[in-house]
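This briefing collects computed features of one model, grouped by topic. Please read the points below alongside the sequence and the coordinates.

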Amino acid sequence: MIRRALFALFLSLVASAAVAQMTAWPNFKEGDYVIKDFRFGSGETLPELRMHYRTLGTPKRNAAGEIINGVVLLHGTSGAGTSWLLPSLADELFAEGQPLDAAEHFIIIPDSIGVGGSSKPSDGLRAKFPHYRYADSIRAEHQLITEGLNVRHLRLVLGSSMGGMKTWMWGYTYPDLMDGLVPIASQPIQISGRNWILRRLRIEAIKNDPEYNGGNYTKNPSTYVYTLPLAAMNTENVVRIQEMAPTREAGDEMYKRLVEEAKKGDANNTVYGIEAVMDYDPSPYLEKIKAPLLAINFEDDEGNPPQLNVVEPAIKRINKARHVLVPAGPDSHGHYSHLRAKLWKSHLVEFMKTLPKP
């Protein structure tokens, strides 16, 4: 939630342009795919799991009528599929001549379980909603793509932040499904250390809010939101924060705006979304990844600090894999750099050239 708040603060001037552009892309469509009696890893079930999605671009089919040029884009924890339609991503990726040119690719953008138009606690079940994990989400996305949209092979799976973590999981869960994998702003290890402690802080702030009532509230709790800006302060580039808040007064104003934005979220949705990461640990399964993989990270990403030195050893365990660490600069935004394709798309361009033709 707080990442969404800071992102909204930074890109408020272009967000409306993203909405206006949605239908400008060729064959843009939105839809829902309903999975009956979906069983979660926890053993809980949902009679109907709704997976919301967007597609755009030009499908190309084989003799059996199956789409063979699919590209799946997976969003971060703080956003939904609409994040990929922001000009800072869509214009840099989908336009003519760009690496995911919509005239050449069929682009699929699902909303993960728990956010956007997909099923989530705030739909009405509140704390009775099944406790989903990343594995549940990618299984539902896989069913949407292969059965709902009849895409039997993917050109690429690309994700950033949470989507980057899920991309690692896609690689070893469905190793023969895709030609290439691009996880961005993520590391292939269990969430631990500072990353997990900050997540735990947010969980406990919500669960210990006097108004939370075990998740069975009728009015969204109001106290926990005052702690959430801490997470954003460890996500954005510290120089960018100083530029936006060069005085104490400016800092106070930024804090107030972050809190107000956080109030728009739902406490259960936030808790469930954070806890979904609990099954994430690709490290035992990396050798199962068959598709060529390009991992992209950022030198100033405090959420995935390169000082941990975990990506390079992991890359060596995967055939046809490499890692790019994008240096910090005047246009970088720490972890939020994944939302600005101009900082990393040149590496995607070169990677796409190495993939076999559909």
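A residue is called buried if its relative accessible area is under 20%, exposed if it is over 50%, and partly exposed in between, with a 1.4 Å probe and protein chains only. By that rule phenylalanine 129, at a relative accessible area of 2%, is buried.

The model is predicted: local features need pLDDT of at least 70 and side-chain atom pairs count only at pLDDT 80 or more, while totals for chains, interfaces and linings use all residues. Residues are numbered from 1 along each chain as its sequence is written, and side-chain values use heavy atoms, with hydrogens and water left out.

Helices (H or I, at least four residues) and strands (E, at least two) are DSSP runs, numbered from the N terminus.

**Aromatic pairs**

- Rings of Phe, Tyr and Trp (its six-membered ring) form a pair if their centres lie within 6.5 Å; planes under 30 degrees apart count as stacked, over 60 as edge-to-face and the rest as tilted.
- The count by this rule comes to nine aromatic pairs.
- One of them joins phenylalanine 129 and tyrosine 272 edge-to-face, with 6.0 Å centre to centre and 75° between the planes.
- Because phenylalanine 129 lies in the loop between strand S4 (106–110) and H4, and tyrosine 272 in helix H10 (residues 267–275), the pair ties together parts that are 143 residues apart in sequence.
- Tyrosine 272 is buried, with a relative accessible area of 4%.
- Phe129, Tyr132 and Tyr272 make up one aromatic cluster.

**Helix H12**

- Which residues of H12 (residues 345–354) are buried? They are Lys345, Leu348, Phe351 and Met352.
- These residues cover an arc of only 110° around the axis, which puts them on the same side of H12; the arc is that of the directions from the helix axis to the C-beta atoms.
- On the other side of H12, Lys353 and Thr354 are exposed.
- The buried residues of H12 pack against helix H3 (87–93) and strands S5 (154–160), S6 (181–184) and S7 (293–298), where contact means heavy atoms within 4.5 Å.

**Crossing of H6 and H10**

- The axes of H6 and H10 come within 10 Å and cross at roughly 150°, which makes H6 roughly antiparallel to H10.
- Axes are lines fitted to C-alpha atoms, for helices over the stretch in contact, and angles run from 0 to 180 degrees between N-to-C directions.
- Angles under 35 degrees count as roughly parallel, over 145 as roughly antiparallel, 65 to 115 as roughly perpendicular and the rest as oblique.
- The contact between H6 and H10 is made by Arg199, Arg202, Ile203, Ile206 and Lys207 of H6 and by Ala267, Thr270, Val271, Ile274 and Glu275 of H10.

**Loop residues**

- Most residues other than glycine have a negative phi.
- Asparagine 150, in the loop between helix H4 (134–148) and S5, has a positive phi near 60° and is partly exposed at 27% relative accessible area.
- Asparagine 213, in the loop between helix H6 (193–207) and helix H7 (229–233), has a positive phi of about 55° and is exposed at 54% relative accessibility.
- Glutamate 302 lies in the loop between S7 and helix H11 (311–315) and is partly exposed at 32% relative accessibility.
- Leaving aside neighbours within four places in sequence, glutamate 302 is in contact with Arg194 and Asn234.
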